[in-house]
Amino acid sequence: FFVIGAMWSSSSKDSASMTHDEYIQVKLHMTLENMVTQLLIDRPEEPLVPMIKYLVGLVHREAEVRELASHVERWAADTARNGYRPVAQQDSEKKVTTFGGSSTYIAPAPARDDSASEEEDEDEDDDDDDVADLPPPPPPKFNRGPRQSVCAEVYGKWNKKPEFVPKVFEKSQSQKGRLKAILTKSFMFQALSNKELAAVIEAMQEREEGDKVRIINQGEQGDEMFVIESGTLECFVSDGKGSEIMVKVCGPGDVVGELALLYSCPRKASVETKGRCILWALDRQTFTHFVRDAAVRSRERREAFLRSVELLASLSDVERSKLVDSLTVQRFTKDEMLVRQGDEGHTFFIVEEGTAVATLDTPGGAPRQVKSYTAGDYFGELSLIRNQPRAASVIATSDGVALTVDRKSFYRLMGNLQDKMEGRSQQYRTA
């Protein structure tokens with residue numbers, strides 16, 4: 001009781017006498033840091049309601065502490081009235097042990113007449129009524145097992161991020177050029193400046209592995225991500241029965257192991273080499289310092305963009321998140337041929353920035369424009385749905401950026417949207 005009363009007293013100091021820093025540290029810092037940490041763990045789509053619920057919960061607990069402090073004050077007053085006396089005054093005093101192991105002596109209560117006893121009994125009854133009027137305790141917090149996600153450490157004024165010096169591994173100019181070409185296609189590295197990207201490339205270490213080498217184990221904490229320069233990697237997930245299922249095959253130019261570093265979570269799959277492979281490894285510290293914050297912003301921007309695409313409006317948040325994971329960024333320039341009529345189709349395109357047009361070849365005549373594209377439009381789907389050559393050509397009419405999805409990811413993540421896409425086919429058959 002004394003501890004709770006002291007806590008309540010210390011939290012009620014005069015705020016007007018505090019400096020700005022003192023007020024933030026004493027009144028705001030812990031509450032806001034805990035709330036933001038919980039939001040980073042849960043990542044709600046609309047954070048305002050969870051924030052309100054969190055603060056309402058704090059107010060409820062604060063009211064309980066206030067009520068308990070009031071009972072502590074009444075208890076102290078009753079103790080003083082009944083004789084709360086210092087050490088070693090009378091042999092008849094009773095020794096008791098208080099919080100912290102210290103001892104004190106309380107004199108026996110003086111004799112009381114019957115009328116006084118009845119009055120105090122009534123006071124005790126009133127106190128019992130007060131206790132009955134207390135608000136119910138908050139519901140118990142059940143242990144729901146380990147968290148499924150872990151938030152990143154929050155840095156701020158009272159938790160300074162240490163100065164970071166990236167590693168440097170020697171590379172040829174041709175190796176740097178190949179790594180840059182690979183990394184700039186991944187959404188995670190799009191937000192980096194040229195200087196930051198150069199530092200990331202310098203910190204990557206070449207790794208040559210033979211056949212059947214497991215470079216990532218499901219459930220472990222990730223310390224590295226890998227870029228494949230040559231060879232093949234196979235990804236497996238446990239079926240919970242002692243066996244594994246292969247869910248993905250990665251080849252040159254693919255990036256693996258980045259999600260565990262991005263979200264500070266255990267590995268979601270195991271990755272094993274198939275034949276000889278040349279990989280480039282990037283350590284967690286360098287990734288965190290240069291890439292993670294920029295990648296989180298880039299990912300949030302891409303998810304918001306995909307929500308604005310009419311075709312993808314029916315996807316759940318989980319499905320949309322998986323789609324973002326599979327995206328490849330393709331930059332294009334004005335007059336570039338993005339899709340050629342008659343070619344075999346392997347890729348689905350979503351225009352993020354810029355403009356393009358679809359044209360149909362006509363016998364003995366110039367190509368005829370049948371559709372134009374701006375940000376949020378998509379093309380290339382019919383060739384994948386029907387497993388047929390490209391029905392039209394698509395040419396960029398400005399510089400821009402397209403988000404692309406390969407054939408396997410298209411079927412896996414967007415198969416339920418095929419009927420909606422088929423309805424657009426008439427646009428390419430305009431006479």
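This is a predicted model: local features need pLDDT of at least 70, side-chain atom pairs count only at pLDDT 80 or more; totals for chains, interfaces and linings use all residues.

User: Which residue of strand 15 stands opposite V339?

Analyst: Strand 15, residues 393-396, pairs with strand 10 in the antiparallel sense, and the pairing extends over 2 bridges. Within strand 15, the residue that stands opposite V339 is V394.

User: Over how many bridges does strand 5 pair with strand 8, with strand 6 and with strand 7?

Analyst: Strand 5 covers residues 224-238 and has an antiparallel pairing with strand 8 (residues 270-283) over 11 bridges, where F236 has S270 as its bridge partner. With strand 7 (residues 255-256) the sense is again antiparallel, and F226 stands opposite V256 there. Strand 6 (residues 244-250) is likewise an antiparallel partner of strand 5, with E234 opposite V249. The bridge counts are therefore, under the rule that two strands pair if DSSP finds at least two bridges between them, 11 for strand 8, 6 for strand 6 and 2 for strand 7.

User: Which residue takes a positive phi in the hairpin of strand 5 and strand 6?

Analyst: The hairpin of strand 5 and strand 6 has 5 residues between the strands. The residue with a positive phi, near 80 degrees, in this hairpin is G240.

User: Why are the buried residues of helix 5 on the same side of the helix, and what covers them?

Analyst: In helix 5, which spans residues 173-183, the buried residues are Q175, L179, I182 and L183. Because they cover an arc of only 90 degrees around the axis, they are placed on the same side of helix 5. Their cover includes helix 6 (194-203), strand 3 (205-209), strand 5 and strand 8.

User: Within what arc do the buried residues of helix 9 fall, and what do they pack against?

Analyst: Helix 9, residues 317-326, has R320, L323, V324 and S326 as its buried residues. Seen down the axis of helix 9, these residues fall within an arc of 165 degrees, so they line one face of the helix. They pack against helix 8 (284-308), strand 9 (328-332), strand 16 (400-406) and helix 11 (407-414).

User: How many disulfides does the structure hold, and how far from C235 is the nearest cysteine sulfur?

Analyst: The structure holds 0 disulfides. C235 is in no disulfide, since the sulfur atoms of such a pair must lie within 2.5 Å, and the nearest cysteine sulfur, that of C250, is 3.9 Å away.

User: Is C235 buried or exposed, and what is its relative accessible area?

Analyst: A residue counts as buried when its relative accessible area is under 20%, and C235 therefore belongs to the buried residues. C265 is buried too, with a relative accessible area of 7%. For C235, the relative accessible area is 7%.

Notes: Residues are numbered from 1 along each chain as its sequence is written. Side-chain values use heavy atoms; hydrogens and water are left out. Buried means under 20% relative accessible area, exposed over 50%, partly exposed in between (1.4 Å probe, protein chains only). Helices (H or I, at least four residues) and strands (E, at least two) are DSSP runs, numbered from the N terminus. The arc is that of the directions from the helix axis to the C-beta atoms. Contact means heavy atoms within 4.5 Å.
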